[in-house]
Amino acid sequence: MRDTKYEESCGLFGIFGAPEAVQKTYFGLHNLQHRGQESAGIASSDGQFIQCYKGMGMVRRVFRSGSDILQKLSNPIAIGHVRYSTTGTSKAVNSQPLLAEYSRGQVAAAHNGNLINAALLRDEYEAYGSIFKSTSDTEIIIHLLAKPTHLAKPDPLAHVLNHLQGAYCLLFLFSDRIEAARDPYGIRPLCIGQTEKGHYVVASESCAFDAVGAKFVRQVEPGEIVTLDKNGLTSRFFVKPGNVTPAHCIFEHIYFAKQNSHIFGENVHEFRKKLGRRLAIEHPADADVVIPVPDSGTSAAIGYAQQSKIPFDMGIVRSHYIGRTFISPDQKLRELEVKLKLAVVEEVVGGKRVVVVDDSIVRGTTTRGKIRTLRQAGAKEIHMRVSCPPIRFPCYYGVDFPTKEELLANNRNLEQIKEFLEVDSVGYMSLEGLLDCANLPADHYCTACWIGKYRIPIDVAVNKFTMERYQMRMFDEIE
Ligand code: SF4
């Protein structure tokens, strides 16, 4: 039950050398739409010159069907981006790819993640006279790339990446190639695919490959730069492999990634079913029906029903026709949005003892609203089950959780959470249970939003204060 503005930061797609690279990028972005709905953009190159088109809204709105934008962009090398802003305001000027011209020619950059040293780097560059056109941390990376002392290094891109701290998957489109890079901790996913005709593709999630008939090859490794050019695919590392223990965001598995994606070495749907089975063992319930909060709670609810032998049903249905509303900054409008998106099926829950399975709870206010609707529909008992531990700390690596104070579980014990949600019982997955379900060793995942230990240290005051200052200063352009 998504109860607030609580979004992933972005989705990336790139393809080299395919005759319909731009159209394929368009379809790839469609399959990554769940990672960002604020803006979309595509940059393409004919081998010499880069063009870029982007705008506010979802992919189909920006690249309106029937318009000739895709035709005009048509080139054999392309990268694309869908955005949700975690750093930088939701404005057209911050949409991506960011296209720039510097001493070595043109470059377009697309970024998924969040740089925690963005404010410090921006201060440093502004002090030397750099002028920024946006509040996005991605623009800072372009400034780093253009710096003459960095360009003098044998591998300028690798040198620049070593200045960045935080979560980043990056695509750079140069006129003759695509460079794809992933931060040394591998916080966000990035993977490589190949089409039947042998063209290489890179995307945030493997579900984007399905849209273009490509097969998953492998993930881009943490600390790796992959080059797609006329020679095929080549790889180099900007951080020695094995020097850093990964910190993959396990929330990608719980909530963000699509069920048909393979990330961090396993399928998302299967992983979520494992969570559901474990949740049923940790927190059984005497009930008549298991219902999910669609869509991200569905796989875990299936697992819960399988393990508990309680019938599974769709007691809440989701409308897929309501896009993200850009005018929902306050709680009332957010609640209305959730009401429109999630409707209760009275025939499924009326007179029943209901287990409601959700992937996570953030503020809890709209979850409570939905519980009230289930009661109005006649549910006799409601047992809330959550397939991740209580979220107690904010994320600084690209996920838009509210402040610590706003999080439901920050200063409440289980009994208080139960009272707040107005449910008959509540059960959260344990951290141990969550990590037991994962394929990789426990120390290969970030768990900071549950335990508050940030693998990449955060200087909250500097980061937050400075970025807010930039945003206040941001001019209000006409969009
Ligand atoms: S703090 Fe939570 S949401 Fe953020 S990267 Fe870590 S696991 Fe993912």
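A: A residue is called buried when its relative accessible area is under 20%. By that criterion, 57% of the 479 residues of the chain in this predicted model count as buried. The accessible surface of the chain comes to about 19300 Å², and carbon and sulfur atoms contribute 52% of that area. The chain contains 18 helices and 23 strands. Among its contacts with a separation of 6 or more, 70% are between residues 24 or more positions apart.

The requested part is an open sheet of seven strands, which are arranged in the order β3-β2-β4-β1-β10-β9-β11 with antiparallel pairing. The edges are formed by β3 (50-56) and β11 (214-219); each has a single partner strand, so one side of each is left without a neighbour in the sheet. From one strand to the next, the twist averages 15 degrees. In general, strands of a sheet pair through backbone hydrogen bonds, in either a parallel or an antiparallel sense.

Within this sheet, strand β1 (residues 10-16) and strand β10 (residues 200-203) run antiparallel and are joined by three bridges. In one of these pairings, Phe13 has Ala203 in β10 as its bridge partner. Helix α1 (residues 21-31) lies across β1, β2 (39-45) and β4 (77-83), and runs at about 20 degrees to β4.

One is Glu179, which is located in strand β8 (residues 177-182). Glu179 counts as buried because its relative accessibility is 5%. The side chain of Glu179 makes a polar contact of 2.9 Å with the side chain of Arg177. Beyond its neighbours within four places in sequence, Glu179 is in contact with several residues, including Leu157, Leu170, Phe172, Ile225, Thr227 and Arg236.

The other site shows parallel pairing: strand β21 (residues 381-386) and β22 are paired in that sense over four bridges. Val386 has Tyr428 in β22 as its bridge partner. Together with helix α15 (residues 414-421), β21 and β22 make a right-handed β-α-β unit. In a regular strand, side chains alternate between the two faces of the sheet. In strand β22 (residues 425-428), Ser425 and Gly427 point one way while Val426 and Tyr428 point the other way, and all are buried.

Conventions:
Residues numbered from 1 in each chain as written. Predicted model: local features only at pLDDT ≥ 70, side-chain atom pairs only at ≥ 80, totals over all residues. Heavy atoms only, no water. Helix = DSSP H or I, 4+ residues; strand = E, 2+ residues; numbered from the N terminus. Buried < 20%, exposed > 50% of the residue type's maximum accessible area, 1.4 Å probe, protein only. Contact = heavy atoms within 4.5 Å. Areas by Shrake-Rupley, 256 points an atom, 1.4 Å probe, with all protein chains shown as cover. Pairing = 2+ DSSP bridges. Axes fitted to C-alpha atoms, helices over the stretch in contact; angles between N-to-C directions. Polar contact = N/O pair within 3.5 Å; in protein donor to acceptor, adjacent residues only side chain to side chain. Right-handed = clockwise from strand over helix to strand, strands pointing away.
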